[in-house]
Amino acid sequence: MALRILIFMLLAFALYFWGLGNHGLLEPDEGRYSEIPREMRESGDFITPKLNYIKYFEKPVLHYWLTASAQAVFGEKEFSGRFWPALLALGGVLCTFVLAKTMFGRETAMYSSVILTTSLVYFAIGQINITDMPLSFFLTLSMTGFWFGLEKNRRFYLLFYAGAALALLTKGLIGIVLPGGIIFWYMILTRRWDIVRSALYIPGIILFFVLALPWFIAVCFINSDFFYFFFIQEHFLRYATQMHGRYEPSWFFIPILLVGLFPWTGLLPGSFRTVIPSRLRSFGREKKEELFLFLWFTVIFVFFSLSNSKLIPYIIPVFPPLAILMGKVLHRITEDENHRGARRFLIWNSLFLIPFILALFIYPFVNNRISALELLPYSLPVALLLSGFVTAGWIFYRRGNRRLMASALCILAFLTMFSFKRVFLLYDSLLSARELASAIGEFRTPGDVIAQYGNYDQGLPFYLKQRLVLVNYLGELEFGAKQEKDPSWFIGDAQLKELWNGDKRVILVINADRLENVTEFLDPPLSSIVAKTDKRIVLVNRP
């Protein structure tokens with residue numbers, strides 16, 4: 001077992017960190033979450049987050065601090081932005097292993113860890129500089145601490161409260177609401193009223209306030225407008241309304257979950273069955289571990305499904321408890337040769353994976369965005385490895401060797417994720433401002449004004465280390481823009497024309513489809529185009 005754990009650790013570390021900085025920052029999120037920490041380090045102000053040098057209060061500060069620390073160590077690079085999400089993804093795997101080992105034994109813990117590490121969406125989000133993976137880790141730490149505090153020693157509640165505080169500092173009130181909801185329903189369904197007395201652990205409560213309050217007090221003291229924007233607008237109004245235009249139907253996360261668990265989705269039906277007690281009368285009194293994990297999943301899944309603001313990464317925190325339930329099923333399959341779960345798993349997995357595999361083969365030839373020759377090198381290896389995953393499962397099942405089947409599937413799952421990792425290189429050319437910034441950097445001179453028309457590539461300030469003038473654009477910067485005292489940073493057509501004809505050298509970035517619109521009102525005529533990418537055109541008003 002020790003050798004298997006060592007091999008797993010080496011594979012997991014290689015999977016999550018190999019080539020982590022090879023592709024450019026993906027727009028818009030990675031540009032934003034790399035630029036805010038860069039501006040913090042440049043200004044020395046680690047209290048008030050700023051984006052393009054104006055206030056940006058949509059998220060708390062912890063993720064910015066973590067990224068700033070990585071930038072201080074590794075430099076202002078793509079790797080530093082993704083360092084903490086990748087590391088905390090593996091931290092979530094470690095918590096999953098420890099909790100699964102305590103609940104169901106070491107073999108289940110091993111399978112659970114592999115399933116979590118190689119689940120498609122969990123792995124993908126662990127490679128991106130956004131707040132969702134840090135949030136997932138801190139919630140996982142919190143719930144692990146709660147279980148150990150309840151079942152082992154109250155001192156573990158320190159982890160529960162610390163995790164909740166750090167989740168609050170990462171993404172706001174859900175760091176409290178979600179753990180509280182899970183514990184509430186667990187207490188109700190198990191009728192364990194002693195949880196209230198047990199969980200109200202004074203040292204843990206003190207630790208929570210020591211970690212969580214100082215920044216909130218400081219930022220509110222410095223910025224009187226923070227409280228309403230952050231707590232009212234970005235929490236209650238964002239959850240209850242469609243103000244951010246992220247509305248999706250209530251079933252939105254169901255297909256995301258099914259695809260997100262690839263290549264292990266076939267274990268999901270069996271994992272839900274493990275929660276059902278032998279007698280309905282025993283519900284809440286037996287299988288308490290399974291019930292706790294199921295509620296951990298359900299509360300988070302339902303909470304975000306009811307929200308009027310939905311994005312794919314929101315449900316990342318449900319993956320650790322599901323991985324443990326699925327790991328328990330996989331372990332049971334390998335131990336009991338007569339258990340029907342193996343056949344059910346393979347049937348379900350075939351039903352889920354085969355259509356996806358066919359789509360990977362067909363899509364390169366039917367899409368109208370990217371040529372088949374360009375897309376096939378990325379889709380074909382993933383399709384072949386997933387085909388091998390399905391085939392290997394049936395072959396070893398027919399041979400009656402369940403342990404070898406599980407081992408082969410674990411290896412193929414790692415190989416599939418290694419292959420999928422290359423897809424980020426494709427998105428480098430589609431969603432990154434790195435190429436655009438490099439082109440601008442070749443002819444930029446000190447003192448140049450850089451403006452962008454009708455859009456905002458959030459990675460540009462990070463790569464260019466320079467603030468942008470934004471023309472006919474506010475977007476998520478509207479709150480900070482209203483408080484900007486210098487009107488020259490947010491301008492319209494008339495101000496752009498004045499700037500273009502002024503005494504400063506101006507570099508203008510526009511969408512490729514807006515060239516004619518811009519040329520209609522800029523006078524004198526635009527100079528020749530100095531740079532082009534697939535989506536952007538760069539012009540300069542003088543050589």
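Colleague: Does Lys 310 count as buried or exposed?

Modeller: This is a predicted model, where local features need pLDDT of at least 70, side-chain atom pairs count only at pLDDT 80 or more, and totals for chains, interfaces and linings use all residues. Residues are numbered from 1 along each chain as its sequence is written, and side-chain values use heavy atoms, with hydrogens and water left out. Buried means under 20% relative accessible area, exposed over 50%, and partly exposed in between (1.4 Å probe, protein chains only). Lys 310 has 3% relative accessibility, so Lys 310 counts as buried.

Colleague: Where does Lys 310 lie, and what separates its C-alpha atom from that of Ser 250?

Modeller: Lys 310 lies in the loop between helix H15 (288–306) and helix H16 (319–335); helices (H or I, at least four residues) and strands (E, at least two) are DSSP runs, numbered from the N terminus. Along the chain, Lys 310 and Ser 250 are 60 residues apart, and the separation of their C-alpha atoms is 9.2 Å.

Colleague: How are helices H17 and H18 oriented to each other?

Modeller: Axes are lines fitted to C-alpha atoms, for helices over the stretch in contact (heavy atoms within 4.5 Å), and angles run from 0 to 180 degrees between N-to-C directions. The axes of H17 (residues 341–366) and H18 (residues 372–399) come within 9 Å and cross at roughly 160°. Angles under 35 degrees count as roughly parallel, over 145 as roughly antiparallel, 65 to 115 as roughly perpendicular and the rest as oblique. H17 and H18 are therefore roughly antiparallel.

Colleague: Which residue joins Phe 262 through a cis peptide bond?

Modeller: Most peptide bonds are trans. In the bond from Phe 262, omega is about 5°.

Colleague: What is the phi of Asn 52, and what is its relative accessibility?

Modeller: Asn 52 lies in the loop between strand E1 (50–51) and strand E2 (54–55). Asn 52 is not a glycine, yet its phi is positive, about 55°. Asn 52 counts as buried because its relative accessibility is 0%.

Colleague: Is Arg 191 buried or partly exposed?

Modeller: Arg 191 lies in the loop between helix H9 (174–190) and helix H10 (194–199), and has a positive phi of about 60° although it is not a glycine. With a relative accessible area of 36%, Arg 191 is partly exposed.
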